[in-house]
Amino acid sequence: MSTWSPEDILAGKYRLVRKLGAGAAAEAWEAENVLLERRVAVKILHPHLATDAKTRSRFLAEARASARFSHPNVVTVFDIGVAEQGAPFIVMELCDGETLSTVIDHRGAMGVSYAADVMAQVLAALHAAHEIGIVHRDLKPDNIMLVHPRPDEPLVKVLDFGIAQGILGDSPEEGGFVFGTPEYMPPEQARGETVDARADLYAAGAMLYELLTCEVPFHGDDATETLARVLTSTPTPPSTKNWAIPPALDALVLSALSKDPDGRPATAGDFLAALVPFTSSGRGPSLSPSAESEAPVPLVAGRGGPPASSAQPVTAPPRKLELVADTVPPPPHPLLHRKA
């Protein structure tokens, strides 16, 4: 049961409007900044995690890390604080769109150029984060929002940069457990090893595979079986499931899914450069350095949070393959964050 209710006020200025969902680490709400009359997303760390001082410290530190850079394809962090009950919360941009997982569920596989347009923006966001040492480590369709400022131009917003890492004591050197979502988790992360930026590139490859085929590269009846396949099985080339995928794109997806991190593209920028020829414009987003904040996000005082990072495994069966024309998809449903 939620600790929070609509109309609760956090820190004297964030009025909770409606619950968006809950993940392994936190609860997500749509809220309104009553001083600015602006809608935002807020995330509140779960009470059972908030009682631990080290976890609270990590939560706020990772939020500050996420706010160190500004990028058009990353959800903006506005503020952080601590509720009167001691639970830290983070205030972020509220995206009026739908998650990438919702898009796949509703529309099936995407055309090559549209899938490349979406993933090129994800890779641009990864490049900006990796440049300043932030690794996402739980990248998946539920953490990608799609909005359409114009019907033919999807705009990607990546959630939870710098927030998922470290909240649940997942680093191997601390004796923690494996944290992430099995379908998008690289083998080294599944083994509980320390990971680097190339873990995000594996997840990006798994998502690109799913966008093109409407199936994840590896899937089992439960999380354990899925992880076993991630560790031991060879992915089926996506072109065997979607005849429209050109050989070069087929090879790129498979390289991103390499079990050896050295077999993947070296950087998000390299992955993006290889993907650009398949985008609708043939150009791709800019890799200009992102703007960095000159000061940390202010810490506000008060009572008690943006969309929660969900580390719970996705174990739904592979979705039905429904190839669509390589054109503009129908307008998105006006959904907000489907899952935290």
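In the predicted model, strands 3 and 4 form a hairpin with four residues between them, and Glu37 in the turn has a positive phi of about 55°. Helices (H or I, at least four residues) and strands (E, at least two) are DSSP runs, numbered from the N terminus. Residues are numbered from 1 along each chain as its sequence is written. Local features need pLDDT of at least 70, side-chain atom pairs count only at pLDDT 80 or more, totals for chains, interfaces and linings use all residues, and side-chain values use heavy atoms, with hydrogens and water left out.

Strand 3 (residues 26-33) pairs with strand 4 (residues 38-45) in the antiparallel sense over eight bridges, pairing being assigned if DSSP finds at least two bridges. Trp29 stands opposite Val42 of strand 4. Strand 4 also runs antiparallel to strand 7 (residues 88-92), joined by four bridges, with Ile44 opposite Phe89.

The axes of helix 4 (residues 112-131) and helix 6 (residues 198-213), lines fitted to C-alpha atoms over the stretch in contact, come within 10 Å and cross at roughly 165° on a scale from 0 to 180 degrees between N-to-C directions. Helix 4 is therefore roughly antiparallel (over 145 degrees) to helix 6. Contacts (heavy atoms within 4.5 Å) involve, among others, Val118 and Leu123 in helix 4 and Ala204 and Leu208 in helix 6.

How values were computed:
Parallel < 35°, antiparallel > 145°, perpendicular 65-115°, else oblique.
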